[in-house]
Amino acid sequence: LAGEFALQAGDIDSAARWYLQAARSAGGDAGLAERATRIALLANDNRIAADALELWRARAPRTLAMRGAEATLAMRQGRTDEALRGIEALLRDPDKDGWRYALGALDTGKNDKRAAQVLGRLLDDDAIPRDLQAWLAFGGFAQRTGTPALAERIVGEVVRRFPDEPRVALLRAAQLREAGKVDEARKVLAEASDAALLLPDLRLGLAAEYDALGDPVAAAAVMAKGPQDEDSYAVRAGLLDKAGDKAALGALYDELKRDATRPDPERWMLLGQIAESLDRDEEALTWYRSVPGGEQRWPARIRSDYVLHELKRGAEAYADLRAVQADASADDDARRGAYIAEAELKAKDHDVAGEEDAYARGLGAFPDDAALLYSRSLGREARDDIAGAEADLRRILVTEPDNVAALNALGYTLADRTTRYREALALIDRARAADPDNAAIIDSYGWVLYRLGRNAEALVELRRAFGLQKDPEIAAHLGEVLWVQGDKDEARRFFDESRKLQPDDNRALQRALEKTGA
């Protein structure tokens, strides 16, 4: 219980100690020892991790998870030869998941230089199994370590070993893009694009790479290859809207309209969304109001109220949202959504009192509802009401102490908008304990480390976060830390990346530019 309470409070150092003590008090309970090991590794407490691991080994068979923890600890402690032996044993294991544990031991996010050295030795020893997924994963990891030569070496091996595998092109293109060789990356993608006709699943990966190159129009063209469904149409529409290509979006709209003669909730909902993007609000309203019953009925109705507001028919929009809120036949999600929609529209009207009233009535109908409180906290933070945003997020944590989104949002808000960095770190650590591979949480962790002056550690975490998710805010954070570290050329590259990912209303980038003077 003490360990759990410490974990809930974000004190992972104490949590590791209590869990180790619990494991010892229980006569060496293997489950408690394993949990103590995992928490200690998360807390970077190598001494407790070693003690817990020793107890775990004494009470349980040597599973892949245990061997992965052994290799991780050896990496952390700088015992690279021992770590290499353990990782190679995992890679040779007949269990098909052995390579995943080996990669986890390398990808600790603590010392990229050491990890890159070990990965180079794995290549020298030809230790990575002949498994395309394994090679793609190790190649992606090499890119995240910031060692272009190593990444290029892995890509070369992948191309040699899997010459006819079109997914290899994605790794090659990503490696070229990261190296700034944009034209070469485009050539590789172009050569692989025909495979999308035979492998529809490949389309998303190719489209994502084109989008990462800043070419959403080419990404949409890839998605247009092969058989189409509502999902592919929606992705195409989103990419063309992002590109601002109204002509191509209009052509897609006309294509979908021609095949919309029968009642189809998904198609009509999509047509309404595209019409909105094309600023054809009257047509969007018609499509939304035409959506028949089913799952799309209530979302379409609420979306129509946003359109009414855009058409300067706010009174109608607010009246309809109030009607949904009072409709006993509407499900809870629809009624909750109507309160949130009313608040967001009031915010657009710069009606703070109206926004707060909508949330207050929503919380009257749905007391302590996490979705309403979270949405209100975002609105309050946007207008610099940090105390109000914090109060809402803490209310969520009273009833849902393990709500990872609220933990991360509160920790990030305190790190970004206050000087309460230690408190922020404790909250983010709680979120990390629950979801250690979440890019948004890793970004928050890197950001609070930067605020604490631990710039080198921050850079490792932020690079890892951006490797997991190409996000404009993460890119802006990376740029700021790099600038402060003196690497202004690379900082500008990430500032440009952030701008490409979110050209408008990029508050994180704006703050970074103001702070650095870049």
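View 1. Of the contacts (heavy atoms within 4.5 Å) in the protein chain between residues at least 6 apart in sequence, 53% join residues at least 24 apart. This is a predicted model, in which local features need pLDDT of at least 70, side-chain atom pairs count only at pLDDT 80 or more, and totals for chains, interfaces and linings use all residues. Residues are numbered from 1 along each chain as its sequence is written, and side-chain values use heavy atoms, with hydrogens and water left out.

**View 2. The helices of the chain.** Welcome to a protein chain with 32 helices and zero strands (DSSP runs numbered from the N terminus: helices are H or I, at least four residues; strands are E, at least two). Along the principal axes, its C-alpha atoms fill a box of roughly 70 × 55 × 50 Å.

**View 3. Inside the chain.** Here, 52% of the 518 residues of the protein chain are buried, meaning under 20% relative accessible area with a 1.4 Å probe, protein chains only.

**View 4. Helices α18 and α19 side by side.** Helix α18 spans residues 265-277 and helix α19 residues 281-290; their axes come within 8 Å and cross at roughly 165° (axes are lines fitted to C-alpha atoms over the stretch in contact, with angles from 0 to 180 degrees between N-to-C directions). That makes α18 roughly antiparallel to α19, a term for angles over 145 degrees. To look for on α18 are Trp268, Met269, Leu271, Gly272, Gln273, Ala275 and Glu276, which make the contact with Asp281, Glu283, Ala284, Trp287, Tyr288 and Ser290 of α19.

Technical notes:
Parallel < 35°, antiparallel > 145°, perpendicular 65-115°, else oblique. Buried < 20%, exposed > 50% of the residue type's maximum accessible area, 1.4 Å probe, protein only.
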